[in-house]
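Biologist: Before we discuss this model, please display the sequence and the structure. I shall then ask about helix packing, strand pairing and salt bridges.

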Amino acid sequence: RLFAGLGAALLLGAGWYGLHLRDAGDAVRYVTAEVLRADMVVTVTATGTIEPTNLVEISSELSGTLSSVRVDFNDPVEVGTVLATLDTTKLEAQVKIAEASLDAAIARVAVAEAGLENARQKYEAARDLDSQGFTPHQTFLTQRAAFRSAQAELQSAQADRALAEANLDLAQAELGKACICSPIKGVVLDRAVDPGQIVAASLAAPVLFTVAEDLSQMDLQVAIDEADIGRVGLGNRASFTVDAYDDRRFPAEISELRFSPETIDGVVTYKAVLSIDNSDMALRPGMTATADITVAEIVDALTVPNAALRYAPPREAVPGEEEEERSGLLGMLIPDRNDADLEGDDKTLWILEEGQAREIAVRAGASDGRVTQILEGEIGPGTRVITDQTGG
């Protein structure tokens, strides 16, 4: 009996100790943060690529064989610099043919002018004699017809000369196109041809050279999500990083916002162009960049952590509500608490006053991703807002 009594006492003591520990473990402990006044910088993040301000792809209007290529990758070029030339044997022959045709047309004009002068003199003489009655009237009519025919022949010869001049201009223009020249001052980024290669421009003009204008001034083209485009504007300052320089941030500024949308996999974005000063030539075309665009700067804002706006206490059980009873070890390991009931409301905050949680209404403003500005509400600097809880 003595041992039985001691065993019962030990069981009662263990049960009381376990219940005491469970009650102590179930006590609610709130995690809080202090409301602060601080300066806020609100940014929008976007990714894109660095591109030259002006990129020109140079092709050939003519088909033919390249007789020479005079530039290579990274070579600086000026306006009119010869990049390559086509074989001009056929084109030069066409120019000579056009020159000969023009010479013949000029000669025909001279002959026509002489014939017109002769016909004019005969016509005027016949007119005078006819007026005096010395010659038959038919003679006068014949000379007048010959004069008008000479005028027409001169006009035809002049038209032939104009046509020959146009043909010569065309042949010379074609010869000029045999010289593939740079239209801008810049740097050769790509060369896709070699001497002796045949260029076929009949269907689609091939890109022979890619020339970028002044690389000291470039653009960063980024995709702005449709949810953020309303906050971004021309002149917004930004900074960006590239993989080549992990510890460096480059400044930029939005110079263009395009209205045309771009939809990829159902995501709508709008292109923004940021101007870059690349005087040190550290950046190169095609680099991928991540930009943080400053859309608002708020001085002395009343801020709370974003977690405080997401916090809400667990929903209390409603009397009579059916619940699955938990008991024993299972009930201790799995508390009766629904995490889905912890969704916060960005229009309310929970503050801690004398150990008790109290809900207050607030009006939230801008957020930088970590903290949110509070525009209205019964809080001030130093107020403790609840961000989470343990136990309960």
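Modeller: Axes are lines fitted to C-alpha atoms, for helices over the stretch in contact, and angles run from 0 to 180 degrees between N-to-C directions. Please bear in mind that this is a predicted model.

Biologist: How are helix 2 and helix 3 oriented to each other, roughly parallel or roughly antiparallel?

Modeller: Helix 2 spans residues 89–132 and helix 3 spans residues 137–177; their axes lie 7 Å apart and form an angle of about 165°. Angles over 145 degrees count as roughly antiparallel. The two helices, helix 2 and helix 3, are therefore roughly antiparallel.

Biologist: Which hand does the crossing of helix 2 and helix 3 have, and how many nonpolar residues does the contact hold?

Modeller: The crossing of helix 2 and helix 3 is left-handed. By class, their contact includes 10 polar and 14 charged residues, and the nonpolar residues number 22.

Biologist: Which residue in strand 11 is the bridge partner of Thr49?

Modeller: Strand 2 (residues 36–52) and strand 11 (residues 217–225) run antiparallel and are joined by six bridges. Within strand 11, the bridge partner of Thr49 is Gln221.

Biologist: Which residue in strand 14 stands opposite Leu220?

Modeller: Strand 11 also pairs with strand 14 (residues 267–277), in the antiparallel sense and over nine bridges. In strand 14, the residue opposite Leu220 is Leu274.

Biologist: Which residues are linked with Glu61 in a network of salt bridges?

Modeller: The structure holds 16 salt bridges. One of them joins the side chains of Glu61 and Lys177, at 3.0 Å from N to O. This pair links distant parts of the chain, 116 residues apart, with Glu61 in the loop between strand 3 and strand 4 and Lys177 in helix 3. The network links Glu61 with Lys177 and Glu174.

Biologist: Is Glu61 buried or exposed?

Modeller: The relative accessibility of Glu61 is 60%. The class of exposed residues begins over 50%, so Glu61 counts as exposed.

Biologist: How far apart are the closest N and O atoms of Glu117 and Arg120?

Modeller: Both Glu117 and Arg120 lie in helix 2, three residues apart, which is about one turn of the helix. Glu117 is partly exposed at 37% relative accessible area, and Arg120 is partly exposed at 27%. They form a salt bridge whose closest N and O atoms are separated by 2.8 Å.

Biologist: Which residue forms a salt bridge with Glu376?

Modeller: The closest N and O atoms of this pair are 3.4 Å apart, and the partner of Glu376 is Arg363. The pair links distant parts of the chain, 13 residues apart: Glu376 lies in strand 18, and strand 17 holds Arg363.

Conventions: Residues are numbered from 1 along each chain as its sequence is written. This is a predicted model: local features need pLDDT of at least 70, side-chain atom pairs count only at pLDDT 80 or more; totals for chains, interfaces and linings use all residues. Side-chain values use heavy atoms; hydrogens and water are left out. Two strands pair if DSSP finds at least two bridges between them. Helices (H or I, at least four residues) and strands (E, at least two) are DSSP runs, numbered from the N terminus. Angles under 35 degrees count as roughly parallel, over 145 as roughly antiparallel, 65 to 115 as roughly perpendicular and the rest as oblique. A crossing is left-handed if the near helix is turned anticlockwise from the far one by less than a right angle, and right-handed if clockwise. Ala, Val, Leu, Ile, Met, Phe, Trp, Tyr, Cys and Pro count as nonpolar, Asp, Glu, Lys and Arg as charged, and the others, Gly among them, as polar. A salt bridge is a side-chain nitrogen of Lys or Arg within 4 Å of a carboxyl oxygen of Asp or Glu. Buried means under 20% relative accessible area, exposed over 50%, partly exposed in between (1.4 Å probe, protein chains only).
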